[in-house]
Amino acid sequence: MHHNPISIENLSYIYPDGTQALKGIDLHIKATERVALVGANGSGKSTLLQHLNGILLPQEGQVVVGEYQMAPKNLRNIRNFVGLVFQNPDDQIFMPTVWEDIAFGPMNQGLQGKELDDRCTLSMHAVGLDPERYAQRNAQNLSGGEKKRVAIAGVLAMQPQVLVFDEPSAQLDPRSRRQLIYLLQSLPLTQLIATHDLDLALELCDRTIVLSEGKVVGDGATEQILGDRDFLERHHLESPLSYSRPYCLLEDVQAIDSVTQNGNGKMVGLGVKAIEI
Ligand SMILES: Nc1ncnc2c1ncn2[C@@H]1O[C@H](COP(=O)(O)OP(=O)(O)OP(=O)(O)O)[C@@H](O)[C@H]1O
Ligand SMILES: [Mg+2]
């Protein structure tokens, strides 16, 4: 059992050009809790996440992850157990080949030989990248979704205790997204997931935090927060698709098929699975 809570108190951040991205954030995330961070473009999600492994250091307030306060002297330790997947994989991938990029983190942790190979192979499989096919590819030439998967594999390969994801499902195809959801569900780690994919938030996280203009404006049960249409609209968000009945229910299928029945009494599907009635 790992004890790696995240504690953020009164955190504010102003970029050098004067843009105030965070305004007095207070947040406490328990060890092994999986929490979604949602908010409109520019609300401060990425800025907040970058404070969790010291890419940005608090200008005001404090951030504590596990037993470490975010400060230059603790960065090495913090980066060893906090894995941050960047919003843009191009900011994360920097080695020439996929294998070298994924191996970079665990090598720095001292792994070598078979242990290192096994760690990298496992991480690639975890994100659906076949090592035979991808290990020696030039990482810069991959598609957006492939790059995102390499970036996630590189973080998993370090076996972090705290996972911080900035838009993990952006650019992923439906199958890779589903695989990622199962993977995150299976990891008993503290997880903070910034996402515009509200259906992913609904499926993965019991708790959701809403940011708006650099402030926490909502923090509670995901179903409650994402079910409150007026609140979401006020903060330029929409209910998850799965709340707006996008798929045909059984009655819909029956209604459609009843007007598409052919002469033989067989059902003709209209892009939905036809069922016998
Ligand atoms: N390097 C920077 N210099 C100046 N301002 C910045 C910088 N990076 C971000 N900002 C500003 O800080 C605010 C928060 O940006 P941030 O990237 O954290 O938002 P976000 O919630 O992650 O948005 P998105 O959903 O688009 O990813 C925005 O107003 C943005 O314009
Ligand atoms: Mg962002």
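What is the mean pLDDT of the protein chain, and what share of its residues reach 70 or more? The mean is 88, and 87% of the residues reach 70 or more. Here pLDDT is the predictor's confidence in each residue, from 0 to 100.

This is a predicted model, in which local features need pLDDT of at least 70, side-chain atom pairs count only at pLDDT 80 or more, and totals for chains, interfaces and linings use all residues. Residues are numbered from 1 along each chain as its sequence is written, while chains are lettered from A and ligands numbered from 1 in the order in which they are written.

**Figure 1. The whole protein chain.** The chain holds 11 helices and 10 strands. Helices (H or I, at least four residues) and strands (E, at least two) are DSSP runs, numbered from the N terminus. Of its 277 residues, 38% count as buried. A residue is buried if 20 or more other C-beta atoms lie within 10 Å of its own, exposed if 12 or fewer, and partly exposed in between, with C-beta atoms placed from the backbone. Among contacts with a separation of 6 or more, 64% join residues 24 or more positions apart. A contact means that the C-beta atoms of two residues, placed from the backbone, lie within 7 Å.

**Figure 2. The shell around ligand 1.** Ligand 1 is surrounded by 13 residues. The closest are Tyr15, Ala21, Lys45, Ser46 and Thr47. A residue belongs here if its C-beta atom, placed from the backbone, lies within 6 Å of the ligand. Helix H1 (residues 45-49) gives the most to this shell, with 3 residues. By type, the shell has 2 nonpolar, 9 polar and 2 charged residues. Ala, Val, Leu, Ile, Met, Phe, Trp, Tyr, Cys and Pro count as nonpolar, Asp, Glu, Lys and Arg as charged, and the others, Gly among them, as polar.

**Figure 3. An open sheet of 4 strands.** The strand order is E2-E1-E4-E5, with antiparallel pairing. Strand E2 (20-29) and strand E5 (68-69) stand at the edges, each with a single partner strand, so one side of each has no neighbour in the sheet. Two strands pair if DSSP finds at least two bridges between them. Strand E1 (residues 6-14) and E2 share 6 bridges in the antiparallel sense. One of the pairs joins Ser7 to His28 in E2.

**Figure 4. Strands E6 and E7, side by side.** Strand E6 (residues 82-85) pairs with strand E7 (residues 162-166) in the parallel sense, over 4 bridges. Leu84 has Val164 of E7 as its bridge partner. In a regular strand the side chains alternate between the two faces of the sheet. In E6, Val82 and Leu84 point one way, and Gly83 and Val85 the other way. All four are buried.

**Figure 5. The largest nonpolar core.** This core has 67 residues. Such a core is a set of buried Ala, Val, Leu, Ile, Met, Phe, Trp, Tyr and Cys residues joined through C-beta atoms within 7 Å. Leu37, Ile102, Ala153, Val164 and Ala201 have the most contacts inside it. Helix H6 (residues 144-156) supplies the largest share of this core, 6 residues. Ala201 touches Ala36, Val38, Thr195, Thr208, Thr222 and Leu226, not counting residues up to four places away in sequence.

**Figure 6. The hairpin of E9 and E10.** Strand E9 (residues 207-212) and strand E10 (residues 215-221) pair in the antiparallel sense over 6 bridges. Arg207 is bridged to Ala221 in E10. The two strands form a hairpin with 2 residues between them. Glu213, in the turn, has a positive phi of about 45°.

Figure 7. Glu33 lies in the loop between E2 and strand E3 (34-38). Glu33 counts as partly exposed because it has 16 C-beta neighbours inside 10 Å. Beyond four places in sequence, Glu33 touches Thr190 and Arg207. Leu200 lies in helix H8 (residues 198-204). Leu200 has 23 C-beta neighbours inside 10 Å, so this residue counts as buried. Beyond four places in sequence, Leu200 is in contact with Ser169, Ile181 and Thr195.

**Figure 8. Residues 255-277.** Here pLDDT stays under 50. The model has 19 contacts beyond four places in sequence for these residues. Where pLDDT is low, the predicted coordinates should not be read in detail.
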